[in-house]
Amino acid sequence: MKPILILFRLVVGVLFIFSGLIKANDPLGLSYKMDEFFEVLHLPFLVPFSLAFSLVMNAFEIIAGFAVLLGYRMRIFSLLLLLLIIFFTFLTGFALFSGLIRECGCFGDCIKLTAEQSFWKDVILLVMIVVIFIFRNRIEPLFSKRTTNIVMLLAVLFPVALQWYTLAHLPIVDCLPYKVGNNIPEKMKAPPGSTPDVYETVLIYEKDGKQQEFSEENYPWQDSTWKYVDRKDKLIKKGNAEPPIKDFILTDFDGNNQNDAVLKETRPVYLLLVRDVNEAGWGWEDKVNALLKQQQEGKIVVFGITSSNKADLELFKAAHRIEMPFLQMDGTAIKTAGRSTPCLLLLDKGTIKGKWHYNDIP
């Protein structure tokens with residue numbers, strides 16, 4: 001039994017440390033995934049606490065992983081790990097069998113797992129952790145008490161420091177499709193050889209108070225007693241791939257598409273991403289005004305990008321003493337493009353040449 005117990009401890013410990021480190025590199029990413037779960041589970045009151053949950057969970061995964069490897073206080077940590085993996089298995093099972101969530105975010109955005117892969121991974125880990133829990137009294141510390149305490153102290157401090165750094169700056173390793181070096185137009189294309197999703201246009205008409213769906217071939221265009229209500233696109237065949245960037249759609253406040261004005265501009269283009277103007281940080285204003293001065297000289301182009309409404313935007317511009325043109329984009333796309341509010345992107349003909357947290361704008 002001892003070799004099996006050692007193997008299970010090694011697998012569980014390494015996986016939890018690895019998982020925690022990947023997510024600690026981007027704690028905001030996990031908090032956004034938690035928001036998705038909270039909304040699907042009808043728990044919107046938990047959304048304001050998602051970042052705190054993310055920080056604690058990432059740190060605990062790393063701490064618990066080291067505890068299992070070192071044999072540190074196994075009565076406590078084996079129980080906590082068992083409760084945690086039961087919770088994870090429930091979430092991944094819900095994502096798989098409900099079909100409402102495509103990815104659980106178990107390894108962040110760096111290693112994408114399908115809902116099915118995540119669920120079976122957690123089932124295997126559950127079996128291993130149950131064995132560790134049952135035989136926890138047989139596990140002895142790997143090192144002396146003093147050495148173990150020092151390692152565990154470092155295991156506590158490291159994720160705290162790492163997550164503080166990534167929140168104050170940006171993820172150390174950028175695994176998102178908007179990382180430096182990527183060309184946005186290229187990333188908006190589906191991978192070569194892939195099959196796109198196939199949709200069918202459904203037309204909804206109403207007659208005698210009853211609505212009915214028609215296709216574009218059989219809708220009652222000759223019968224004036226049918227009144228048009230709406231149209232929708234219905235997925236009839238799922239493709240096998242989708243482009244890494246699928247929601248980069250810039251519009252002005254009148255709804256006109258401005259993608260070409262940004263992606264085809266020959267001068268350097270700076271995009272100040274401010275998803276929600278009411279959540280924007282401070283201390284970046286002078287640097288952005290310096291960029292706006294270069295824009296007045298015709299050297300560069302600067303746009304603000306937001307998902308906020310026009311009224312809130314005007315208050316934001318007045319409070320931060322900036323005057324610049326703003327375009328709109330979906331809030332989820334902005335969160336994916338930049339992990340701070342604001343976040344500055346530098347584009348050269350659609351290729352991302354620089355990305356900065358508002359604390360680090362040059």
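Exposed means over 50% relative accessible area, buried means under 20%, and partly exposed lies in between (1.4 Å probe, protein chains only). At 55% relative accessibility, Arg-321 therefore counts as exposed. This is a predicted model, in which local features need pLDDT of at least 70, side-chain atom pairs count only at pLDDT 80 or more, and totals for chains, interfaces and linings use all residues. Residues are numbered from 1 along each chain as its sequence is written, and side-chain values use heavy atoms, with hydrogens and water left out.

**Helix 3 against helix 4**

- Two packed helices are described by the angle between their axes and the distance between the axes.
- Helix 3 (residues 50–70) and helix 4 (residues 74–98) have axes that come within 10 Å and cross at roughly 130°; this makes helix 3 oblique to helix 4.
- Axes here are lines fitted to C-alpha atoms, for helices over the stretch in contact, with angles from 0 to 180 degrees between N-to-C directions.
- Angles under 35 degrees count as roughly parallel, over 145 as roughly antiparallel, 65 to 115 as roughly perpendicular, and the rest as oblique.
- Helices (H or I, at least four residues) and strands (E, at least two) are DSSP runs, numbered from the N terminus.
- The crossing of helix 3 and helix 4 is left-handed, that is, the near helix is turned anticlockwise from the far one by less than a right angle.
- On the helix 3 side, the contact (heavy atoms within 4.5 Å) includes Met-57, Phe-60 and Glu-61, while helix 4 brings residues including Phe-77, Leu-81 and Phe-88.
- By class, the contact of helix 3 with helix 4 has 13 nonpolar, no polar and one charged residues.

**Asn-259**

- Asn-259 sits in helix 8 (residues 259–263) and is buried, with a relative accessible area of 9%.
- Its side chain reaches the backbone oxygen of Phe-248 at 2.9 Å.
- Leaving aside residues up to four places away in sequence, Asn-259 touches Met-188, Phe-248, Ile-249, Leu-250 and Lys-264.

**Backbone features in loops**

- Arg-73 has phi near 45°, a positive value in a residue other than glycine.
- Arg-73 belongs to the loop between helix 3 and helix 4, and is exposed at a relative accessible area of 54%.
- Arg-321 also has a positive phi, near 55°, and lies in the loop between helix 10 (310–320) and strand 6 (326–328).
- The peptide bond from Thr-341 to Pro-342 is cis, with omega near 0°.
- Pro-342 is found in the loop between helix 11 (331–337) and strand 7 (343–348).

Key. Ala, Val, Leu, Ile, Met, Phe, Trp, Tyr, Cys and Pro count as nonpolar, Asp, Glu, Lys and Arg as charged, and the others, Gly among them, as polar. A polar contact is a pair of N or O atoms within 3.5 Å; within protein, one must be able to donate a hydrogen and the other to accept it, and residues adjacent in sequence count only if both atoms are side-chain atoms.
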